[in-house]
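The sequence and structure are shown first.

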Protein chains: 2
Amino acid sequence: MASAEQQQLEFPCVDLLAERQRALDGGPEPAYDRVVTGYELFRHQGDPLRMDHGGQLAEFQLAYETWGRLAADKSNAILLHTGLSASSHARSHAKNAAAGWWEKFIGPGRPLDTDKFFIICTNMLGGCYGSTGPSSINPVTGERYATRFPMLTIFDIVRAQFCLLDHLGIGRLHASVGASMGGMQSLAAAALFPERVGRLITISACARSHPYSIALRHTQRQVLMSDPNWNKGHYYGGIPPHIGMKIATITYRSGPEWERRFGRKRSDDTIEPTMCPDFLIETYLDHQGERFCLQYDANSLLYLSKAMDMFDLSASAQQRVNDKRHSSVDDLADLIRGMAPIQMPTLVLGVQSDLLFPHWQQREIAQCLRKAGNRMVTHYELDAIYGHDTFLIDVVTVGAAVKGHLENQLA
Amino acid sequence: MASAEQQQLEFPCVDLLAERQRALDGGPEPAYDRVVTGYELFRHQGDPLRMDHGGQLAEFQLAYETWGRLAADKSNAILLHTGLSASSHARSHAKNAAAGWWEKFIGPGRPLDTDKFFIICTNMLGGCYGSTGPSSINPVTGERYATRFPMLTIFDIVRAQFCLLDHLGIGRLHASVGASMGGMQSLAAAALFPERVGRLITISACARSHPYSIALRHTQRQVLMSDPNWNKGHYYGGIPPHIGMKIATITYRSGPEWERRFGRKRSDDTIEPTMCPDFLIETYLDHQGERFCLQYDANSLLYLSKAMDMFDLSASAQQRVNDKRHSSVDDLADLIRGMAPIQMPTLVLGVQSDLLFPHWQQREIAQCLRKAGNRMVTHYELDAIYGHDTFLIDVVTVGAAVKGHLENQLA
């Protein structure tokens, strides 16, 4: 009676996950611990870094890389802010020939022109590629911070970057440039230090996180925190939260591009469908998740994901961070007041196919800046098909807008 | 030296999940096992139900409920198809006074007018509210099917429903009506049995699942299947995959409505932010996930989620289901050919704020039907703010369109 209705389905993807998990037990250190991208190291000691939510770091370090030459008057520096998962390695150089995450955007004649500008890119505070973050050793205890690391904000990240600028003797930036979480940072830099930011570029970002984005990140964090191996953040030296991290980092950034690239194609259309990855889009996501989860620290993801949720340029939110009330009044006037310091020439880029940071959020940035009296706001809405990742890919349209904004002679 | 930077963060949400999990060990049967909504039971015996992917069910049962009276000539029946998680209880009645999932849409004078029509709603095959599904006892073995249940498709679900219609002696429906996964079923019914479907209504659905939707459901399934308690589907009698199910079912259906309802409000703005649910949108999602996961069977979710992914009305896909090759040629002409049988008056509704089934997918349905020669296609695009759930909420706009389409006298 072994009829068709009694056949047990097979789940090779579940077996594979269990196998990988076993292999990680006592296995090699995670990849991010071994990443040295040829970065320089800035060590901040002396005054502790006091953070928005009451924590502090007695000392911290930032990994950073630079391209081009700093002018004698130090007027040609551009601070490039990264997205959540990127290292300071934005472009290849003598110490590290590997391609960087913005390889085609940086170089002689490129959008960030190294013949003209001195580009600085840091691994952000809270990250895991050389800068102080949850996976770093706490100098006070000699142990990794894990979830004893203080809660941090986009503003904290930017303040740490400006400590580096102080160290380099750079008073005023030619520009602050960033996309995605980096676009939040460039906005925060302009709001916090308006006199030190000459021009601003913010790409595929927002002026405050909206419920849909919070919902997406909330789900990712819950997936990760529910992995027993996460162990409230204390997994270093044990089995990392591999499964939770893998699934948490399955992002679904694009729409139209996937339609063209994957459509409804299956990875093997000679076999019956299964519950395990089956459509090409699924094997693609599975592979992306597997790759990323071995390269990034789970606790860094948690802290930086939460920092994005809390990002809000509204005046009341910025004040309340200081006096410990954090809800923002939901009021456009409040947001406009908070963005009032941002009066430098600003380029806002949005992509119509972006599902993570929908283009109405970039429109909101541009509108608020204009209502706050900024008369030099450029807002381009791109029809690229790559969704949120467009800024990484589309050097033709994104690159030209960036170059134009950085080099345009202003009366 | 107990400085601020050494304070361990607290994670009450993780503790709570662990506690709930312990409470479920040997605890009461899940809620869905106890749901008897006052449904009738149709038992199909005799010919086995042969399924698209090679499996079969020697027998099966469908839970169904009805409203209104079947005319003597049996010409006034409407088959109402449900979304993934709904039971057959679409409206309250004498045997069960609880409000149904389409309570305001059914009744005297309502969009589905019980003075005129005889409405039938089933719990779909594969579900867990009275119909045969993975949590049912396999009569052959005396044990629950679990993941020995055969893979099933939207077409299989519809064929089972038409067995019920045969049993009731209903040859031709006045209409086949459904939203979301139910809107896939109503389309499938019209394509499979065009001579038996008088009018068609499909709301917030699609003619074939697209990569973005597959990506979302893929992630949900991976979350669920990675919960050790899921145990490849064999959790009945043990601890159910509570955590995996809870997180898998955190959906993020709306955008604009959340903006108005939650904005950036926090659940308690007198305390510092935490990694656990903190913003109102997070506590809302957390609560929704907790509620749903106790009411629905995890294996039903897996099977029906996969059935949605595989849904494709393209001619080649429909043929290949039969000869065991399942990839569809990515070709609009192919889809138009597959939809050619659907020549009855058809209402297609889409909602601009729908992120799960974007409105271009409903436009695709309408365009393909028209290109296939259907001259009675009505397509309304709604500007409601409730996203995918609009069909459950907006009786004013959705209801009027439904009523008009069902009652309009056709020359």
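## Positive phi, strand pairing and interface

B:Ala146 lies in the loop between strand S8 (118–122) and helix H2 (154–168) of chain B; helices (H or I, at least four residues) and strands (E, at least two) are DSSP runs, numbered from the N terminus. The model is predicted: local features need pLDDT of at least 70, side-chain atom pairs count only at pLDDT 80 or more, and totals for chains, interfaces and linings use all residues. Residues are numbered from 1 along each chain as its sequence is written, chains are lettered from A and ligands numbered from 1 in the order in which they are written, and side-chain values use heavy atoms, with hydrogens and water left out.

Most residues other than glycine have a negative phi. B:Ala146, although not a glycine, has a positive phi, as has B:Ser204. The latter is placed in the loop between strand S10 (197–203) and H4 of chain B. Buried means under 20% relative accessible area, exposed over 50%, and partly exposed in between (1.4 Å probe, protein chains only).

| Residue | Phi | Relative accessible area |
|---|---|---|
| B:Ala146 | about 50° | 1%, buried |
| B:Ser204 | near 50° | 1%, buried |

In chain A, six of the eight residues of strand S4 (residues 60–67) are buried. Two strands pair if DSSP finds at least two bridges between them. Strand S1 (residues 40–44) of chain A is joined to S4(A) by five bridges in an antiparallel arrangement, and A:Arg43 has A:Gln61 as its bridge partner. S4(A) also runs antiparallel to strand S8 (residues 118–122) of chain A, with four bridges; here A:Glu65 is partnered by A:Cys121.

Between the chains, 85 residues of chain B are in contact (heavy atoms within 4.5 Å) with 86 residues of chain A. The buried area, the accessible area (1.4 Å probe) that two parts lose on being put together, summed over both, is about 7,700 Å², and carbon and sulfur atoms give 59% of it. A salt bridge is a side-chain nitrogen of Lys or Arg within 4 Å of a carboxyl oxygen of Asp or Glu. The chains share 10 salt bridges. A:Lys306 forms a salt bridge with B:Glu282, their closest N and O atoms being 3.7 Å apart. Helices H1 (12–24) and H7 (280–293) of chain B are among the elements that each supply at least two residues of its side touching chain A, and H4(B) gives the largest share, 11 residues.
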